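Biologist: Before I plan anything around this protein, I would like to go through its model with you. Please keep to what can be read from it.

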Amino acid sequence: MSAAVTPETSPVSESPTTPRNRTAAPDPRPDAAAGAAPRGPDTSPSRRRPDWRIRFGALALIWGFSFLLIKVGTHGYAPFQVTLGRLLAGTAVLAAAMAVRRVRLPRGARTWCHLAVAAFFLNALPFSLFAYAELSIPSTLAGICNATSPLWGMALSLVALSEDRPTRRRVAGLGLGFLGVLTVLGGWQGFSGLDFGGTAMALLASLCYPIGWIYVRRTLSGTGASALALTGGQLLLGTAQLALVTPLFTSAPEGFPLLPTLAVAALGALGTGFAMLVQFGLVEEVGPTTAQMVTYFIPVVATAAGVVVLGERLSWNTLVGALVVLAGAVLTQSGPRARPPGAGPRPATGRLP
């Protein structure tokens, strides 16, 4: 959740959380998710890494569990504090990675202005919205809402990105996906028992990601900076934004309860920092198309974690609707997507649920 400038996903979700509309890492994605892609982090063949399938599974688990960690974090901290904590931890991890690889932050006032906007839509705003949403809705529902990002991205790309032309299959996927959303929300029974505020915030958070991805693709392509540098700068700016806002709306915590503190630290260090590095490696090794498939496993993991660990109840319409949403999301990402002649490379960005 699952973000920074991520592969076809977002310059850093979580998301907790979308293939074709994300920005990806080197060649890559930018989505997050070819042409000449920007220089990515140093992942030389001399480095021995686990098989990509193992890293793919680990990424799905980390981002899928992000929604559970948010829920636990809000048991001890205000939503803005949860978001600030995760951004601080995530930034620290990327700063360490940049120091080890001797990667410098991007230069240029214009680039930093664009990264500030990307940080707002891909990190500060969606992370905060998910944290506030989970005060009143289950983590399972938040994870399922995150899965609508590809649907929002498809809808926005039809009017915002000229190279994303609609096909019958993708339009059908869009309709199917939103039918799944209505099923999850119980539309046939008047949405009874639904917390409108929390659900609306979770859906709005999911909408933020494709908005951020589109902005990144339009403004940060061809900067010459590496995916790691862009993501590090984005997280740094996102942290600064939350550091300014949090004191205005919350008071200092009276204590530091163990489980919520560990949850926030893990959410940031693993889900917002380490996961980005794993994603960059996957995009470089197997390409953005395969790497972005992790998007479809996130709601599955989030649902299982919420039910098994937190004891959240799962109704039949939530399960069926989630499957329909995923089917629609897959359809919206199907088929080749042509790039216009002379189009510049897509920035490598990363997103978290």
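Modeller: Helices (H or I, at least four residues) and strands (E, at least two) are DSSP runs, numbered from the N terminus. The expected span of a helix is 1.5 Å times one less than its number of residues. This is a predicted model, in which local features need pLDDT of at least 70, side-chain atom pairs count only at pLDDT 80 or more, and totals for chains, interfaces and linings use all residues. Residues are numbered from 1 along each chain as its sequence is written, and side-chain values use heavy atoms, with hydrogens and water left out.

Biologist: What average pLDDT does the protein have?

Modeller: pLDDT is the predictor's confidence in each residue, from 0 to 100. A score of at least 70 is reached by 76% of the residues. The average for the protein is 79.

Biologist: Over which residues does pLDDT stay under 50?

Modeller: Contact means heavy atoms within 4.5 Å. One such stretch has 221 contacts beyond four places in sequence in the model, and another, with pLDDT below 50, has 75 contacts beyond near neighbours in sequence. Where pLDDT is low, the predicted coordinates should not be read in detail. The stretch with 221 contacts is residues 13-46, and the one with 75 is residues 337-350.

Biologist: How far does helix α2 reach from its first C-alpha to its last?

Modeller: Helix α2 covers residues 79-101, which makes 23 residues. At 1.5 Å a residue, 33 Å is expected, and the helix comes close to that. Its reach is 33 Å.

Biologist: Which residue just after α2 takes a positive phi?

Modeller: The phi in question is about 55 degrees. The residue is Arg-102.

Biologist: Which element gives the most to the lining of the largest cavity?

Modeller: On a 1 Å grid over the protein atoms alone, a cavity is a set of points where a 1.4 Å probe fits but cannot get out, and a pocket is an open set with protein on both sides within 12 Å along at least five of seven lines; lining residues have an atom within 4 Å of a point. The largest cavity has a volume of about 50 Å³, and its lining includes Ile-144, Val-181 and Leu-203. Helices α4 (139-146) and α6 (168-185) each supply at least two residues. With 3 residues, the most comes from α6.

Biologist: Is Ser-139 buried or exposed?

Modeller: Ser-139 is found in helix α4 and touches residues including Phe-67, Lys-71, Glu-134 and Leu-310. Buried means under 20% relative accessible area, exposed over 50%, partly exposed in between (1.4 Å probe, protein chains only). Because its relative accessible area is 0%, Ser-139 is buried.

Biologist: How far apart in space are Thr-167 and Thr-332?

Modeller: Thr-167 lies in the loop between α5 (149-160) and α6, and is partly exposed at 37% relative accessible area. Along the sequence, Thr-167 and Thr-332 are 165 residues apart. From C-alpha to C-alpha, they are separated by 8.9 Å.

Methods. Grid points are joined across faces, edges and corners, and a volume is the space filled by probe spheres set on the points.
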